[in-house]
Amino acid sequence: MPCRGVDEDVLPGNSNHLSRGEENALKQDVELSNLHLGDPNGDGDFPEGGARAWSVVFGSTCALTALFGVINTTAVFQQYLSSHQLSSYGAGPIGWIFSFGLFMTFFGGVQVGPLFDARGPRVLMLTGSILLFLSMILLGECTKYWHFFTVYGLVGGLGGALINTPAVACVGHYFLVKRGAAMGIAFTSGSIGGIVFPLMLQQLLPLVGFAWSTRILAFVLLVLLVLANLLVKSRLPPIPGGRVLPDFSVFKDLALTFCTLGIFFMEWGLFVPLAYISSYAVDHGRSTAFGFQIVAVLNAGSFFGRWLPGLISDKIGRYNTIIITIVLCIVTIFALWLPAQDSEVMLILFVTCFGFASGSNLGLAPVVVGQLCKTENYGRYYATCYTIVSFGTLTGVPIAGQIMSTSNGSYAGLIIFAGVSYVAALACFIVSRACKVGLAVRAKW
């Protein structure tokens with residue numbers, strides 16, 4: 001499929017009186033108009049607000065708080081298990097439990113997305129909520145490695161897959177012009193959970209123990225998931241006889257192919273700081289308490305990064321915004337984290353800036369995917385894309401850990417790996433954008 005094709009006949013008759021730059025800009029404006037700002041086949045009539053639309057955003061926020069709040073609490077779980085139930089295992093094997101859960105959340109989307117398009121969100125959300133709740137309830141009963149791997153990695157991961165795609169895709173059904181802002185609001189949820197849940201567990205674990213701490217957290221998740229099931233609804237009717245198999249034919253669109261690669265490399269870069277920033281702080285002379293607090297600081301920066309750039313993206317273009325924030329990630333990694341060493345000030349500055357930039361990456365990634373397809377196909381495109389991306393979430397942290405091991409514990413190679421991954425992501429997003437609007441810098445896309 002060609003990267004770009006503009007119908008010259010749609011240009012106004014007096015376009016030959018424009019300068020070359022103005023004519024190119026006009027071509028892009030007409031093309032974007034025909035694409036309905038990311039709706040290439042004209043689905044039309046998005047509510048763009050109203051009680052029902054914003055209730056769906058709130059329901060999605062509740063669902064994603066439950067899901068990604070737990071994921072962002074990985075540092076607390078890993079630290080506790082490594083010194084208690086799984087003290088005989090190294091950090092690597094314990095880390096695979098959480099990596100596998102994250103992998104299943106995204107990889108499982110290859111079936112969930114098409115099922116969402118064909119059947120709607122209700123049964124998927126309900127089943128996923130039950131699995132996620134049971135995963136957290138049963139986690140407190142686990143005593144062996146395979147118990148944790150099965151309960152958290154498999155059961156929790158499958159529950160996450162069933163929740164994630166419908167919660168994200170339904171927001172896209174109600175917003176087009178304001179999609180970046182709406183999605184940004186929904187994705188602030190992971191930061192909220194990433195601040196509250198770790199601090200909550202830090203207080204509960206010494207008081208009531210691991211089993212009751214996870215039970216209390218499970219009932220917090222239950223409240224959020226009940227609200228999500230009541231509020232998350234699809235605007236479009238299910239597609240009768242809709243395709244329920246993986247649809248890798250969507251990658252015939254080169255723009256989507258490079259977009260997927262961009263998100264893949266972005267996930268490689270993203271989860272390295274999230275997984276290692278706490279141990280980095282401790283290994284450079286900071287206390288264990290500081291190591292957990294700095295994770296909360298990163299998530300606090302991410303809170304604003306998931307919302308504000310989403311709002312800006314509706315003004316200057318979704319692709320333009322994600323490219324800018326990836327550049328910021330590259331700058332913070334190489335200019336702040338790499339030379340930080342024992343400097344507490346530089347480390348705090350890094351996690352704040354990186355949290356902001358990377359938070360916007362997560363919030364905007366589903367939006368740029370949705371910009372490349374019809375709304376009723378969004379679930380399939382999103383899930384197929386994230387099936388590939390899931391291998392990035394599975395492999396990025398172990399690769400970084402292996403780099404650190406071969407460097408005799410030095411973090412320099414690990415940090416460079418994260419930075420280079422973001423550079424590769426930047427290149428892929430630029431190519432994906434060029435497939436749609438060429439190389440014009442001023443085009444809103």
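Buried means under 20% relative accessible area, exposed means over 50%, and partly exposed lies in between, with a 1.4 Å probe and protein chains only. By that cut-off, cysteine 428 is buried, with a relative accessible area of 10%. The model is predicted, so local features need pLDDT of at least 70 and side-chain atom pairs count only at pLDDT 80 or more, while totals for chains, interfaces and linings use all residues. Residues are numbered from 1 along each chain as its sequence is written, and side-chain values use heavy atoms, with hydrogens and water left out.

Start with the overall fold. The protein chain has 14 helices and zero strands. Helices (H or I, at least four residues) and strands (E, at least two) are DSSP runs, numbered from the N terminus. Buried residues make up 56% of the 445 residues. A contact means heavy atoms within 4.5 Å. Among contacts in the protein chain with a separation of 6 or more, 84% join residues 24 or more positions apart. The accessible surface of the chain comes to about 17300 Å², and 68% of that surface belongs to carbon and sulfur atoms. Accessible areas come from the Shrake-Rupley method with a 1.4 Å probe; for residues, only the protein chains shown count as cover.

Now go inside. A nonpolar core is a set of buried Ala, Val, Leu, Ile, Met, Phe, Trp, Tyr and Cys residues joined through side-chain atoms within 4.5 Å. The largest such core holds 125 residues. Ile263 and Phe429 touch the most other members. Leaving out residues up to four places away in sequence, phenylalanine 429 touches Cys259, Gly262, Ile263, Met266, Tyr319, Ile322, Ile323, Ile326 and Val368.

How many disulfides does a search of the whole structure find? It finds zero. A disulfide is a pair of cysteine sulfur atoms within 2.5 Å. For cysteine 385, the closest cysteine sulfur is in cysteine 259, 5.6 Å away, so the two are too far apart for a bond. Cysteine 385 is buried, at a relative accessible area of 1%. For cysteine 428, the closest cysteine sulfur is again in cysteine 259. That distance is 9.6 Å, too far for a bond.

Phenylalanine 148 is buried, with a relative accessible area of 1%. Its contacts, not counting residues up to four places away in sequence, are Leu81, Gln85, Leu86, Ile97, Leu139, Cys142, Thr143, Gly153 and Phe210. Leucine 86 is 62 residues away along the chain, yet the C-alpha atoms of leucine 86 and phenylalanine 148 are separated by 9.4 Å.

Next come the charged pairs. Side chains of opposite charge can pair when their charged atoms come close. A salt bridge is a side-chain nitrogen of Lys or Arg within 4 Å of a carboxyl oxygen of Asp or Glu. The whole structure contains three salt bridges.

One joins glutamate 141 to arginine 215, at 2.5 Å from N to O. Glutamate 141 lies in the loop between α6 (122-139) and α7 (145-174), and arginine 215 lies in helix α8 (residues 179-231). The pair links distant parts of the chain, 74 residues apart. Glutamate 141 is partly exposed, at 47% relative accessibility.

Another joins aspartate 253 to lysine 436, at 4.0 Å from N to O. Aspartate 253 is in the loop between α8 and α9 (254-283) and lysine 436 is in helix α14 (residues 412-437), so the bridge ties together parts 183 residues apart in sequence. Lysine 436 counts as buried at 15%.

Glutamate 344 forms a salt bridge with arginine 286, with the closest N and O atoms 3.2 Å apart. Here helix α12 (residues 344-370) supplies glutamate 344, and the loop between α9 and α10 supplies arginine 286, 58 residues apart. Glutamate 344 is partly exposed at 35% relative accessibility. Arginine 286 is partly exposed at 23%.

Trp307, Leu308, Leu311, Ile312, Ile316 and Ile324 make a nonpolar surface patch of about 480 Å². Patches are made of residues with over 30% relative accessible area and no salt bridge; like charges are joined within 9 Å, and nonpolar side chains (Val, Leu, Ile, Met, Phe, Trp, Tyr) within 5 Å. Helix α10 (residues 288-316) gives the largest share of the nonpolar patch, five residues. Isoleucine 312 is in helix α10, and counts as partly exposed at 37% relative accessibility.
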